[in-house]
Amino acid sequence: MNPRIDYLARGGGPLTGSLRVPGDKSISHRAVMLGAIADGVTEVTGFLEGEDALATVAAFRAMGVDIQGPEDGRVTIRGVGRDGLQAPQGPLYLGNSGTSMRLLAGLLAGQRFDSELTGDASLSRRPMRRVTRPLAEMGARIDTTPEGTAPLYIHGGQRLRAIDYDLPVASAQVKSAILLAGLYAEGRTCVREPAVTRDHTERMLRAFGFEVTREDHGICLVGGGRLSATALQVPADISSAAFFLVAATIAPGSELVLKDVGINPTRTGVIHILREMGADIHIENERTFGDEPVADLRVRHAPLHGIHIPEDLVPLAIDEFPVLFVAAALAEGETVLTGAEELRVKESDRIQVMADGLQALGARAEPTADGIRIHGGSLHGGTVDSHGDHRIAMAFTVASLRTDGPVRIRDCANVATSFPGFPELASQAGLDVEVVTA
Ligand code: S3P
């Protein structure tokens, strides 16, 4: 349990220079999971040393995998092979990490041993039937609470069979859980998504020498094969970079370069949305880290205007909406988001919590069932509650760049789940943020 800490954000000057935000969270989780069940030693660099990714590391250590690091972003995973995981001694505690829990549910459904997945209060409220239901169709036996939430109790020793599954929600976590279970299932597992979601699992399976195809049937793989260890370089997380994209855009005089940012097209919705609102973002020095495209992002201050956010961009920017709402609150005119009901079941109800916080700072923000309507204008100082949601905390820190007084943000310890060192890096870039123990 983290002690409660608040941020006192007093805005700050223009953001200048260059910086590298920590490693991609989604890719870091997958590196550990696939490295653990591969044959051979996987070397990872640029790994996210945040609590969520470390929860995944701890879970695999508890299942007998030798993992060295992270040290300076380096992690060495001695793979135990597809059937080499061992029964953990107790429940696997996954903290705040939905990705750990949902992907592990898929991966553990086909093991010989029983396992139990637990999490913190926020994770224990999040919907898990979206993974347990398709996994049950594959023959898995997973108990949830009557509400369909964690703890998850996974009964080992089940024979899994492949399925053809139409995802009811556009969720990369659910897609990935099914594909990981599919590794242990008999036959060809295919997942069709209602909208494109992040494809890191598919790319990384290929990097481990495992064939994943894209067909009319969706994204398919055949169970029973093995993975071969590989070297992985994790890009900087575009979801963490997003706070600085908005910060530099809204702070007059800013010009900031964000280095080595992952620009996988299934993740770049934030760039498209901000550009449509008038942002000045240049993609420079494009290259790849293995199977993942990366670039440096140069962002300069620019005035923003409101837009109706295209619904097809929603899954491609799903984690970036808290800070996009801040941008919208400072833009000229109205911004409307629809088709984003998923935001209500993230680490917090991000529609309600952002609407409450923006209103506390004087913005006109009206939550709707599946989105929000924000009338741009000015913001004043005040106190907002992050509800322990890392991305809400960082979004309101960014907002302080344009408030007429300080913003106190309550309950910020969970920033360490995805962005360790955020206050320090933000201060280095030009923001004024103080960490206070509440
Ligand atoms: C993630 C997928 C997204 C995202 C989460 C990480 C992943 O969740 O919000 O932070 O790594 O697969 P959903 O797929 O449930 O939308």
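Visitor: What area do domain 1 and domain 2 bury between them?

Guide: About 2,300 Å², with 47% of it on carbon and sulfur atoms. Buried area is the accessible area (1.4 Å probe) that two parts lose on being put together, summed over both. The model is predicted: local features need pLDDT of at least 70, side-chain atom pairs count only at pLDDT 80 or more, and totals for chains, interfaces and linings use all residues. Numbering starts from 1 along each chain as its sequence is written, and side-chain values use heavy atoms, with hydrogens and water left out.

Visitor: What makes up domain 1 and domain 2?

Guide: Domain 1 covers 5-22 + 235-437, and domain 2 covers 25-233. These bounds come from an automatic or database domain assignment. The C-alpha centres of the two domains lie 28 Å apart.

Visitor: How many residues of domain 1 and domain 2 are in contact?

Guide: 26 residues of domain 1 touch 24 residues of domain 2. Contact means heavy atoms within 4.5 Å. Between the domains, 13 residue pairs are in polar contact, both residues at pLDDT 80 or more. A polar contact is a pair of N or O atoms within 3.5 Å; within protein, one must be able to donate a hydrogen and the other to accept it, and residues adjacent in sequence count only if both atoms are side-chain atoms.

Visitor: Which elements give two or more residues to the side of domain 1 that touches domain 2?

Guide: They are β17 (292-300), α11 (390-399) and α12 (415-418). α12 gives the most, with three residues. Helices (H or I, at least four residues) and strands (E, at least two) are DSSP runs, numbered from the N terminus.

Visitor: Why is the pair R198 and D319 called a salt bridge?

Guide: The rule asks for a side-chain nitrogen of Lys or Arg within 4 Å of a carboxyl oxygen of Asp or Glu. In R198 and D319 the closest N and O atoms are 3.3 Å apart, so the pair passes. Across the interface of the two domains the rule finds three salt bridges. The structure holds 32 salt bridges.

Visitor: What does the salt bridge between R159 and E186 tie together?

Guide: The closest N and O atoms of R159 and E186 are 2.7 Å apart. R159 lies in the loop between β9 (152-155) and β10 (164-166), and E186 in the loop between α5 (172-182) and β11 (188-192), so the pair ties together parts 27 residues apart in sequence. Both R159 and E186 are exposed.

Visitor: Why are K175 and E202 called buried?

Guide: Buried means under 20% relative accessible area, exposed means over 50%, and partly exposed lies in between (1.4 Å probe, protein chains only). K175 has 0%, so K175 is buried. E202 has 2%, so E202 is buried too. Their side chains meet in a salt bridge of 2.9 Å, N to O. E202 also touches L179, V212 and I219, not counting residues up to four places away in sequence.

Visitor: Why does R298 count as partly exposed?

Guide: R298 has 23% relative accessibility, so R298 falls between the cut-offs. E255, at 30%, is partly exposed as well. R298 and E255 meet in a salt bridge of 2.8 Å, N to O. R298 lies in strand β17 and E255 in strand β15 (residues 255-262), so the pair ties together parts 43 residues apart in sequence.

Visitor: Which residues do salt bridges that share partners join into one network?

Guide: R126, R198, D319, E347, R350, D389 and R391.
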